[in-house]
Amino acid sequence: MDNQGIDNSVNQLPSTSPNFRTDLAKKLEELVPEAIADGKVDVVKLKELLAEDAGEPNERFGLFWPGKKQALRAAQEPTTATLKPAKDESKDWDTTNNIFIEGDNLEVLKVLQKQYHNSIKMIYIDPPYNTGKDFVYPDNFKEGLQNYLEFSQQVDEGNKKISTNTETAGRYHSNWLNMMYPRLKLARNLLTDDGVIFISIDDAEQANLKKMCDEIFGEGNFEGIINWRRRSNQPNDDSKMIATVSEYLCVYARNSSLLKAKNAFGKMPLSSDRLSAYTNPDSDFRGDWSSTPWMASRGQGGSTYSIITPTGMKYTGVWLGTEDTFNELLADGRIIFPNNGNGKPRKKIFARERIKNGQPAINFWFGQQYGDNLSATSEIKNIFAEFQRLFDYPKPVNLIKNLVRLGAPCSDCVILDFFAGSATTAHAVMQLNAEDGGNRKHIMVQLPEPTDEKSEAFKAGYKKISEIARERINRAGEKIKADFADKLAERETPLDIGYRTYKLADTNFTKWQSAPTGDLTELQARLDLMRESSNDNASEEDLLVEVLLKMGLPLTTRTKTVDIDGLHVHQVVAEGDSSEGQPVLYLNEHVKPTLEQLRAIITDLTPSKFVILDDAFQGDNQLKTNLVQTCKSYDVELWTV
């Protein structure tokens with residue numbers, strides 16, 4: 001078998017995140033092949049096919065700003081980035097299902113596209129509000145990863161600062177929109193079909209955010225705007241004609257129709273006002289109750305029949321249920337007749353049933369049930385008692401906890417926050433899991449933004465915001481375990497208060513690195529490095545994580561190391577500690593395996609996929625050919641890097 005024949009029999013792992021321009025063109029080719037000519041989309045033909053469904057380019061309705069096309073390309077541009085494991089900055093690595101990622105969220109969202117596509121039930125973000133004081137992420141549409149590596153001091157340029165976006169800088173709103181647009185485009189891909197996103201915002205960009213989300217998620221998927229009162233006192237601010245006491249939460253579904261059809265949007269706990277309406281005047285053993293009319297209102301439909309009250313009054317009308325259903329409720333003591341038995345029947349609704357089912361959310365949130373800035377500051381203070389102030393305007397746990405109740409009512413779904421800040425979302429998810437017995441998982445993404453050198457946090461050793469966020473998760477998790485000890489003892493599955501930490505970095509495989517260079521010496525050095533596929537500075541654990549990512553496996557994937565005939569290989573472990581039929585990886589390019597050793601891996605471990613570094617063959621095409629034939633014989637997919 002020649003080299004070309006070998007290559008055609010071996011699967012190659014992709015070097016970058018998915019290329020969405022290519023994927024979109026492929027989908028169009030499947031749907032409308034006549035609109036594809038010479039490998040390109042014929043836009044004129046596509047418009048002809050759409051006929052009256054296509055809008056006139058000069059009469060479009062939408063939000064337009066300078067840089068929008070570049071922002072779209074930024075979302076579509078693949079990245080060579082990977083995530084490096086940081087076990088020493090993690091908690092319960094081997095058992096946790098939670099993730100903490102340190103890195104620029106634009107690149108991270110690209111990295112997550114394959115393994116978390118259509119997998120996130122709820123996203124909550126609290127992005128910069130563009131008030132002129134907050135920072136703007138250091139986007140560079142051509143070299144996003146390189147720009148981040150410089151900012152995070154992973155390359156020589158180093159120590160780039162994030163600047164504020166002031167009104168005097170020009171393109172004030174455009175800069176913010178250019179930051180948000182590609183991130184929201186990528187975030188939508190991660191949502192499940194019944195997924196929901198909540199976005200905190202204030203007056204500065206609320207109108208622009210709404211229009212941008214209408215375009216990205218679809219106007220029909222707009223679920224509403226929640227007005228949250230973030231401060232309970234009246235501010236003494238004479239600089240504004242109308243003092244600001246509230247913020248907004250824009251709510252969008254991935255597919256509103258499906259969200260409703262699957263009943264996948266949660267309910268809110270009953271308020272104290274609603275609960276006060278329930279009493280127990282007849283000492284019913286089922287507890288406090290209220291009542292609703294049994295007679296159907298106009299337009300409700302129902303069944304027509306006559307009902308005789310205990311005093312002999314006869315009422316004929318359209319009732320909510322059938323006569324058999326009414327008689328069952330009557331026998332169960334769930335029907336009452338007011339006015340000493342003369343009134344029309346009413347059905348009892350018990351408080352415990354209402355508490356279990358909850359009530360629909362409203363669009364105005366205030367009070368202790370939702371928290372405010374003051375309570376959020378107190379929560380931080382309770383966790384970091386040694387500091388006077390760590391964050392400005394943190395979000396309260398109760399606010400996020402209620403959002404999770406709505407967006408992630410399922411007990412085991414995944415919640416993503418890619419502007420994690422102080423990790424309030426992780427805190428809220430852990431606490432709600434402790435309260436209701438859930439096993440929801442969280443993924444936090446936070447830029448390693450440097451702390452102010454004059455701050456208490458910096459002096460205490462916290463050099464980055466991401467370090468404080470992880471410490472909050474550590475401390476909050478232990479506090480929750482102590483506060484809910486009795487309840488947690490009854491759980492079948494232990495409460496997960498751990499997390500795996502990963503850090504954004506360039507690919508560990510030299511041949512995939514694409515950072516531009518004009519320096520001939522540096523170029524020669526890069527060519528020398530490419531003689532081996534992996535970077536010598538990369539550990540085998542680094543290579544393993546990147547390959548698993550490229551294969552589309554989650555960041556919580558468990559693996560174990562196995563020695564087969566003297567070779568050190570990694571085997572994926574599925575739920576229940578099963579390894580049968582799972583992928584196996586050999587990631588050592590410095591030790592050339594023998595054919596007998598490779599056959600032993602295939603026959604002993606019976607993997608579904610076998611991944612091997614191409615340089616492990618060390619140019620021995622005969623060995624590679626024999627491995628191809630062995631894999632075919634045992635119906636194993638062979639992949640090389």
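Reader: Which helix holds Leu549?

Author: Helices (H or I, at least four residues) and strands (E, at least two) are DSSP runs, numbered from the N terminus. Leu549 lies in helix H22, residues 540-550. This is a predicted model, where local features need pLDDT of at least 70 and side-chain atom pairs count only at pLDDT 80 or more, while totals for chains, interfaces and linings use all residues. Residues are numbered from 1 along each chain as its sequence is written, and side-chain values use heavy atoms, with hydrogens and water left out.

Reader: Is Leu549 buried or exposed?

Author: Buried means under 20% relative accessible area, exposed over 50%, and partly exposed in between (1.4 Å probe, protein chains only). Leu549 counts as buried because its relative accessibility is 6%. Across the protein, buried residues make up 48% of the 641 residues.

Reader: What does Leu549 touch, not counting residues up to four places away in sequence?

Author: A contact means heavy atoms within 4.5 Å. On that basis Leu549 touches Thr82, Leu83, Val111, Lys114, Gln115 and Leu555. Lys114 is 435 residues from Leu549 in sequence, yet their C-alpha atoms are 7.9 Å apart. For the protein, 75% of contacts between residues at least 6 apart in sequence join residues at least 24 apart.

Reader: In which order do the strands of the open sheet run?

Author: Two strands pair if DSSP finds at least two bridges between them. The open sheet has 10 strands with mixed pairing, in the order S4-S18-S5-S17-S16-S6-S7-S9-S8-S15. Strand S4 (82-85) and S15 are the edges, each pairing on one side only. Inside that order, strand S5 (residues 99-102) and strand S18 (residues 500-505) run parallel, joined by 4 bridges; Glu102 has Lys503 in S18 as its bridge partner.

Reader: Which strands does helix H8 lie across?

Author: Axes are lines fitted to C-alpha atoms, for helices over the stretch in contact, and angles run from 0 to 180 degrees between N-to-C directions. Helix H8 (residues 172-190) lies across strand S6 (120-125), strand S7 (191-201) and strand S16 (414-417), at about 155° to S7. Helix H9 (residues 206-217) lies across S7, strand S8 (222-229) and strand S9 (246-253), at about 5° to S9.

Reader: How many bridges pair S11 with S12?

Author: Strand S11 (residues 303-308) and strand S12 (residues 314-319) are antiparallel over 6 bridges, and Ile307 has Tyr315 as its partner in S12. The two strands form a hairpin with 5 residues between them, and Gly312 in the turn has a positive phi of about 95°.
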